[in-house]
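This report describes one protein structure for a reader who meets it here for the first time. Please look over the sequence and the structure before reading on.

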Amino acid sequence: MSTIAGIVIVSVIVFLVLILIIRNIKIVPQAHAYVVERLGAYKATWETGLHLKVPFVDRISRKVSLKEQVVDFPPQPVITRDNVTMQIDTVVYFEITDPKLYTYGVERPISAIENLTATTLRNIIGDLELDNTLTSRDTINDKIRIILDEATDAWGIRVIRVELKNILPPREIQDAMEKQMKAERERRARILDAEGEKRSQILVAEGLKESAILKADAVKEQKIREAQGEAEAILTVQKANADALRMLNEAAPSDRVIQLKSLEAFARAADGKATKIIIPSEIQSLAGSVTAVKEVWKND
């Protein structure tokens with residue numbers, strides 16, 4: 001009987017030991033880390049994988065995610081250098097680089113980052129005017145990120161980037177900005193209209209100029225062609241006269257023939273329109289001879 005009881009007790013003890021061992025086997029998932037304490041003091045940081053915790057001695061102090069995290073902080077009231085109060089909310093992207101420092105470096109790290117972001121934002125905006133604040137988001141983001149990254153380095157946190165989500169000036173400032181934007185758009189529209197009208201007038205003037213140039217070129221071309229035609233006509237006439245003279249020279253005409261040709265030329269020159277014609281003496285004698293011959297033929 002006692003043997004059976006002993007076996008049962010041993011079985012129970014073994015079972016309890018197995019359960020205890022199984023319950024103290026810990027698996028750290030990917031992109032996580034566990035901070036382990038032994039008897040209240042930091043013992044180790046478990047990385048991804050299988051780990052065994054000593055029962056009643058070791059304790060997992062904090063489970064830390066190593067993924068990039070995003071925190072959206074509520075709007076904070078800030079005052080610009082020109083005394084304009086506005087509401088600005090920020091978004092901080094960060095990751096934990098040292099789980100030990102993150103666990104023991106600061107109490108409530110997210111709250112610490114929020115407060116540090118708010119004070120840093122007030123300091124930076126306090127040195128800027130309203131217009132610079134609205135147009136310098138990238139500069140403000142970089143300044144806040146650098147300051148936060150330096151301050152949170154001791155907490156095992158790396159600030160990756162900071163974004164100003166919304167900048168909300170007072171309602172009256174928004175109304176004034178809308179009026180200013182409307183006036184600016186109207187001014188740009190008028191400038192565009194004036195530039196379009198100017199361009200249109202330039203194009204019309206250029207068109208008239210090109211038309212006048214084309215007309216002048218056409219008149220010039222016409223005159224050139226007319227002059228070329230007259231020159232060619234004169235050359236043709238001169239060539240014909242030269243050919244006629246050459247043929248006459250080759251035929252060796254007598255003086256009487258030449259005088260008759262001269263008489264015919266004078267007759268054509270007079271053409272019944274001339275009022276006075278001076279005839280050389282040789283042609284006059286030739287004319288007399290021709291008249292005498294005609295009279296002899298007539299009497300016969």
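Arginine 161 forms a salt bridge with glutamate 68, and their closest N and O atoms are 3.5 Å apart. Because arginine 161 belongs to strand β9 and glutamate 68 to the loop between β5 and β6 (69-72), this pair ties together parts that are 93 residues apart in sequence. Glutamate 68 is likewise partly exposed, at 41% relative accessible area. A salt bridge here is a side-chain nitrogen of Lys or Arg within 4 Å of a carboxyl oxygen of Asp or Glu.

The model is predicted: local features need pLDDT of at least 70, side-chain atom pairs count only at pLDDT 80 or more, and totals for chains, interfaces and linings use all residues. Residues are numbered from 1 along each chain as its sequence is written, and side-chain values use heavy atoms, with hydrogens and water left out.

A second salt bridge joins arginine 81 to glutamate 129, again with 3.5 Å between the closest N and O atoms. Arginine 81 sits in the loop between β7 (76-79) and β8, and glutamate 129 in the loop between α3 and α4 (130-135), so the pair links parts 48 residues apart in sequence. Arginine 81 is exposed, at 51% relative accessible area, whereas glutamate 129 is partly exposed, at 36%.

## Salt bridges within a helix and in a network

The structure holds nine salt bridges. One of them brings together the side chains of arginine 225 and glutamate 221, at 3.2 Å from N to O. These two residues are four apart in helix α6 (residues 171-251), so about one helical turn separates them. Arginine 225 is exposed, with 54% relative accessible area, and glutamate 221 is partly exposed, with 37%.

## The chain as a whole

The protein chain contains eight helices and nine strands. Helices (H or I, at least four residues) and strands (E, at least two) are DSSP runs numbered from the N terminus. Of the 300 residues in the chain, 21% are buried. The accessible surface comes to about 21,500 Å², and carbon and sulfur atoms account for 58% of it; such areas come from the Shrake-Rupley method with a 1.4 Å probe, and for residues only the protein chains shown count as cover.

Among contacts (heavy atoms within 4.5 Å) between residues at least 6 apart in sequence, 63% join residues at least 24 apart.

## Nonpolar cores

A nonpolar core is a set of buried Ala, Val, Leu, Ile, Met, Phe, Trp, Tyr and Cys residues joined through side-chain atoms within 4.5 Å. The largest such core has 29 residues, of which Met86, Ile88, Val92, Leu121, Ile140, Ile144 and Leu164 touch the most other members. Two or more residues of this core come from each of β8 (85-96), α3 (109-125), α5 (137-152) and β9 (157-168).

Leaving aside residues up to four places away in sequence, isoleucine 140 touches Leu121, Ile124, Ile125, Leu128, Thr133 and Leu164. Another core, of five residues, lies apart from the largest one and includes Val28, Tyr34, Trp46 and Ile60.

## A nonpolar surface patch

Ile9, Ile13, Val17, Ile21, Ile25, Ile27, Leu50 and Leu52 form a nonpolar patch on the surface, together exposing about 770 Å² of accessible area. Patches consist of residues with over 30% relative accessible area and no salt bridge, with like charges joined within 9 Å and nonpolar side chains (Val, Leu, Ile, Met, Phe, Trp, Tyr) within 5 Å. The elements giving two or more residues to the nonpolar patch are α1 (2-23), β1 (25-28) and β4. The largest share, four residues, comes from α1. Isoleucine 27 lies in strand β1 and is exposed, at 62% relative accessibility.

## Positive phi angles

Most residues other than glycine have a negative phi. Leucine 39, although not a glycine, has a positive phi of about 55 degrees. Leucine 39 is placed in the loop between β2 (32-38) and β3 (41-46) and is exposed, with a relative accessible area of 71%.

Phenylalanine 56 also has a positive phi, near 65 degrees. Phenylalanine 56 occupies the loop between β4 (49-52) and β5 (58-65), and its relative accessibility of 76% makes it exposed.

Notes
Buried means under 20% relative accessible area, exposed over 50%, partly exposed in between (1.4 Å probe, protein chains only).
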